[in-house]
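Student: Can we go through this model together? I would like to start with what kind of model it is.

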Amino acid sequence: MVLSRGWSAFLVGVGVWTWVIWPRFAVAIWQDPRSWASATVGEGAPTSFLWVHALLIAASLAIGTTAGVLGVRGWLAARRSRTS
């Protein structure tokens, strides 16, 4: 199966968007007092609030990266099929 250039560009966009948005969200979660048992950033044990959001962020980055890689591969395959 070869993706169209439009769908490939969309997938690359999803990958880029993911890497623009989620790292900033990770910083916000890290700095949230609810992430720490002592309610002071970086002190005390991490709470389930931090762990759940860390898992969400990691999964989203993995999915976004996969979408971006598939988009790049689709773009290259579409370009190769045009020249053949």
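This is a predicted model: local features need pLDDT of at least 70, side-chain atom pairs count only at pLDDT 80 or more; totals for chains, interfaces and linings use all residues.

Student: Where is Ser8 found?

Tutor: Ser8 sits in helix α1, residues 5-30. Helices are DSSP runs (H or I, at least four residues), numbered from the N terminus.

Student: Is Ser8 buried or exposed?

Tutor: Buried, with a relative accessible area of 0%. Buried means under 20%, exposed over 50%, and partly exposed in between (1.4 Å probe, protein chains only).

Student: What does Ser8 touch?

Tutor: Leaving out residues up to four places away in sequence, Ser8 touches Leu3, Gly71, Gly74 and Trp75. Contact means heavy atoms within 4.5 Å.

Student: Which residues in α1 are buried?

Tutor: Ser8, Gly15, Thr18 and Ile29 are buried there. Their cover includes α2 (48-83).

Student: New topic. Is Ile21 buried or partly exposed?

Tutor: Ile21, also in helix α1, is partly exposed at a relative accessible area of 33%.

Student: And the salt bridge: which residue does Arg34 pair with?

Tutor: Arg34 pairs with Asp32, the closest N and O atoms being 2.7 Å apart. A salt bridge needs a side-chain nitrogen of Lys or Arg within 4 Å of a carboxyl oxygen of Asp or Glu. Arg34 is exposed at 53% relative accessibility, whereas Asp32 is buried at 14%.

Notes:
Residues are numbered from 1 along each chain as its sequence is written. Side-chain values use heavy atoms; hydrogens and water are left out. Helices (H or I, at least four residues) and strands (E, at least two) are DSSP runs, numbered from the N terminus.
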